[in-house]
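Open the model in your viewer and keep the selection tool at hand. The stops below say what to select next and what is there.

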Amino acid sequence: MKNRIEVGKPVGIEVSIAQSEVVAQCDVDVIAAYPITPQTHIVEHLAEIVADGDLDAAFIPVESEHSAMSACVGSSAVGARTFTATCSQGLALMHEILYIASGLRLPIVMSCVNRALSAPINIWGDQSDIMAERDTGWVQIFTENGQEVVDQTICAFRIAEDRRVMLPVIVNLDGFSMSHVIEPIRFYDTKQVRGFVGVYQPPLRLDPAQPMMFGPVGIPEIYTEAKKANDVALIESRQVIEEVWAAFAREFGNAYRALETYRTDDAEYLLLTVGGMSETASVAIDALREQGVKVGQVKLRLWRPFPHDDLAALLGKARGVFVFDRCLSTAGPGGPVASEVKTSLYNLRERPLVVGFIGGLGGRDVTVQQFADMVHKGIGYVAAGAAPVYEMVGVRE
Amino acid sequence: MNETGYGIFAARMLPKDEPFVQGHRACQGCIPALMLRQITKAIGRDLIVCSATGCMEIISSPYPFNAWGVPWIHVAFENAAAVASGVEEGIEVLRRKGRFYTGRKPAVLALGGDGGTMDIGLQALSGALERGTDFVYVCYDNEAYMNTGIQRSSGTPMGASTSTSPAGRVSTGQVTWKKNLAEIGVAHNIPYVATACPSYPFDLMAKVKKAVEVKGPALLHVFAPCPTGWRCDANSGIKLGRLAVESGLFPLFEVVDGQHKISLDPATMRKSSQDPIGEIAGYLFQQGRFRHLKGRDELIQAIQERVRLEWQKLKAKTER
Amino acid sequence: MKTKLNPTWRELELGCTVVEAGTSAEYKTGDWRSFYPKTDEDKCIACGVCYLFCPDHSRHIAPRKKKVEGAMYTHYFDFNFQFCKGCGICAAECPTGAIVMIEEGKK
Ligand SMILES: Cc1ncc(C[n+]2csc(CCOP(=O)(O)OP(=O)(O)O)c2C)c(N)n1
Ligand code: SF4
Ligand code: SF4
Ligand code: SF4
Ligand SMILES: [Mg+2]
């Protein structure tokens, strides 16, 4: 396959389009998807690539996201490399089948263009959609900009289809503020990408030549073992994820880690962020450093498997950790990221005070100043030795 | 014996192979299970089955006892048709790319109960039919959600007492008419729609074969008595299927490229009366689920009237 | 059956898949039966109706020869009592009344 886009040097391109181009480069066999804002550009563009004959794939225009994921399970079960994209209400509608995709160990790759959940209906970005799918058994990766989306999408296929993993992977990107933005992105040679992801060799598939049963009833005598096997597979996928990222760095130059750090070296306080708003937060970190505040930033890229030990090691020595969540766990123990970070730290003999902030909901902008304010507020809580369970930022009282 | 259509050595003409295997856990006298036996016999082993949640899924797949001799997948309750879409389209691409399934293309069969088809799975079914997925969808209609304890579905007939449409002091059981699944299929303009019943095995198997051979979606609505849910004798399923067909309650017909054709005309089968829609009471009162209708003559009358009307509508379609 | 009944989580196939077909044959449903079918071979005309209608494929073809009223039949049927659940369909549908259902334990 010849290159559809210029490779080797950054070109200005909408992130959604870039992701669909790279999905095509990965030579997917089946795309089953249903439109939902702000995911639409991804699947529309893939439909075009297929319609132009540039990708030999089946594009299944299903009648719902539930059927999208169901069709993905079907196509993956016959050994087809399978991709879909969704978000928000669509992801919620898929919920039931997400567990089944991972339970059946099918290496589907999905793009999730993070968007708020109704009600009230809201098409703009936050992370409530994906946070509701934390426990579905998928590998879940966050990205911060278009280049990361492209790179992680390539990595996703290789991670998912590794024999040691055989699990579906979600690549998250922020709705609109990433998906609909034109960014400079460097593409790679299609042949090289195809070489990197390889040809999918399914260990098991539905085939009359060797009939088998996918999805038997997990009677009580077997269910626990089945769950244990999936749990271990997801935990141990970490090893493969690191290998794939390392291989990617060797092959294409960009290096990735489960937790990215920014100016953390002598930091007493750490601001932890996830996704596209991390870039705004970094600007705030710069400003605070100017003011002499010893604050650094930790960006969580790998959400599942959860990098428990890495977090403990990285955050444990700080005096205060300020976690920014773009999801409200209504009347719960704090934002999902904050409560999981707390869990990672709880058993340490000495641990920082963890302060949870919730904001950026439903496309609400969070400014540099607001991130700086969170840090100042957090430092105040550390000084006082106590903090509320969580608090919302940028809400009109 | 003529009315069931088998001659003396008919069984010998059938494939001996049994791709649906013994040791499944269906209740005694389960006709949906018999249907699976007949269907797989007709299709053979070049087949992939996508099953919806329901009795036929549960009874054939408790780990590690696999009652299937063909590849089989269960995903969820409402999505058998969507899963089949993925399976079929996946196979198509992989064939094209020369990766797998390079020999004969296997038949793809989606399987759902009346609940999994007419209720919760109707959307996925409609989607797959409309998209032209090259598969066979079989709805085995035992007229309620049996797997979860005999709750009503939109396939439950008028007057039947189920656990969520119970007959009571002020209720006569189900108060709605059975959904016409076959005509929903016909409305999708698919190449093949048929009704069938395991009491007429040769008719059923011939239809299954046609359904597989046709390019594009085919829908089979199979009437399948369930002794447990219908509260009838375990040995009565075949007889009840026959009575339902003979009385016109469940007419057997096929619709090929939009053209209706009646498979078995009740008028020619019934010995007792010229009227194809004879008394249905004989059918109803062999089943506990209708027992409370004794003495409710107006309702039985209404059911009878409805059967007559539906039959006339069907007849009119064949005469176009 | 190669598939283990109670495997450890390590022994489970990927996704809990049963990689063997037809393993249900290891599960004998015959002990569900409270009545068993019995054929009066003199009445049997080897028509196969019982075979066609058995939901458990417990009436199988057992090729042997038998002479009935001058005709020679080569297809003939036996019960498989390992699986027969005793539903009585074969008895109810047999056109010649050759099959009767008898309570288990009785002859
Ligand atoms: C989404 C969802 N809702 C409900 C159920 C529970 N459930 C499982 S099978 C079933 C009924 C199946 O009825 P039908 O499709 O008629 O098949 P049958 O059991 O009668 O063979 C129900 C309600 C489920 N598994 N999934
Ligand atoms: S409940 Fe009915 S359909 Fe289900 S296994 Fe028993 S007889 Fe068959
Ligand atoms: S149905 Fe009766 S007559 Fe026919 S083969 Fe069976 S036992 Fe013999
Ligand atoms: S009693 Fe039922 S299960 Fe046994 S052979 Fe006859 S039809 Fe089959
Ligand atoms: Mg049912």
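## First stop: Asp207(A)

Select Asp207(A): leaving aside its neighbours within four places in sequence, this residue is in contact with Pro71(B) and Tyr101(B). Contact means heavy atoms within 4.5 Å. Asp207(A) sits in the loop between α7 (190-197) and β9 (213-214) of chain A. Helices (H or I, at least four residues) and strands (E, at least two) are DSSP runs, numbered from the N terminus. With 16% relative accessibility, Asp207(A) counts as buried. Buried means under 20% relative accessible area, exposed over 50%, and partly exposed in between (1.4 Å probe, protein chains only).

Before going on, some ground rules. This is a predicted model, in which local features need pLDDT of at least 70 and side-chain atom pairs count only at pLDDT 80 or more, while totals for chains, interfaces and linings use all residues. Residues are numbered from 1 along each chain as its sequence is written, chains are lettered from A and ligands numbered from 1 in the order in which they are written, and side-chain values use heavy atoms, with hydrogens and water left out.

## The magnesium ion in chain B

Now select ligand 5, a magnesium ion. Which residues coordinate the magnesium ion (ligand 5)? They are Asp114(B) through OD, Asn142(B) through OD1 and Ala144(B) through O, at 1.9 to 2.0 Å. In sequence, these donor residues follow the spacing D-x27-N-x1-A. Donors are N, O and S atoms within 2.8 Å of the metal (3.2 Å for Na, K and Ca); water is not among the atoms, so sites may look incomplete. Asp114(B) is buried at 0% relative accessibility, and Asn142(B) is buried at 3%.

## Two helices from two chains

Show helix α3 (residues 65-77) of chain A together with helix α3 (residues 80-96) of chain B. They pack at an angle of about 45°, with their axes 6 Å apart. Axes are lines fitted to C-alpha atoms, for helices over the stretch in contact, and angles run from 0 to 180 degrees between N-to-C directions. The two helices are therefore oblique to each other. Angles under 35 degrees count as roughly parallel, over 145 as roughly antiparallel, 65 to 115 as roughly perpendicular and the rest as oblique.

To see the contact, select Ser67(A), Ser70(A), Ala71(A), Gly74(A) and Ser75(A) on one side, and Ala82(B), Val83(B), Gly86(B), Val87(B) and Gly90(B) on the other. By class, this contact of α3(A) with α3(B) has four nonpolar, six polar and no charged residues. Ala, Val, Leu, Ile, Met, Phe, Trp, Tyr, Cys and Pro count as nonpolar, Asp, Glu, Lys and Arg as charged, and the others, Gly among them, as polar.

## Two helices within chain A

Next, show α6 (residues 146-161) and α8 (residues 220-252) of chain A, which pack at an angle of about 130° with their axes 10 Å apart. α6(A) and α8(A) are therefore oblique to each other. Asp151(A), Gln152(A), Ile154(A), Cys155(A), Arg158(A) and Ile159(A) of α6(A) meet Ile241(A), Val244(A), Trp245(A), Ala247(A) and Phe248(A) of α8(A). The contact of α6(A) with α8(A) divides into eight nonpolar, one polar and two charged residues.

## Two strand residues

Go to Thr84(A) in strand β4 (residues 82-86) of chain A. Is Thr84(A) buried or exposed? Thr84(A) is buried, with a relative accessible area of 0%. Leaving aside neighbours within four places in sequence, the contacts of Thr84(A) include Ala32(A), Met69(A) and Val109(A).

Then select His60(C), in strand β2 (residues 59-61) of chain C. His60(C) counts as partly exposed, at 25% relative accessibility. Beyond neighbours within four places in sequence, the contacts of His60(C) include Tyr51(C), Tyr76(C) and Asn80(C).

## Backbone details

Display the backbone for the last stops. The peptide bond from Arg304(A) to Pro305(A) is cis, with omega near 0°; Pro305(A) lies in the loop between β13 (302-304) and α10 (308-315) of chain A. In chain B, the peptide bond from Tyr63(B) to Pro64(B) is cis, with omega near -5°.

Finish at Met166(A), where phi is near 45°, a positive value in a residue other than glycine. Met166(A) is buried, with a relative accessible area of 2%.
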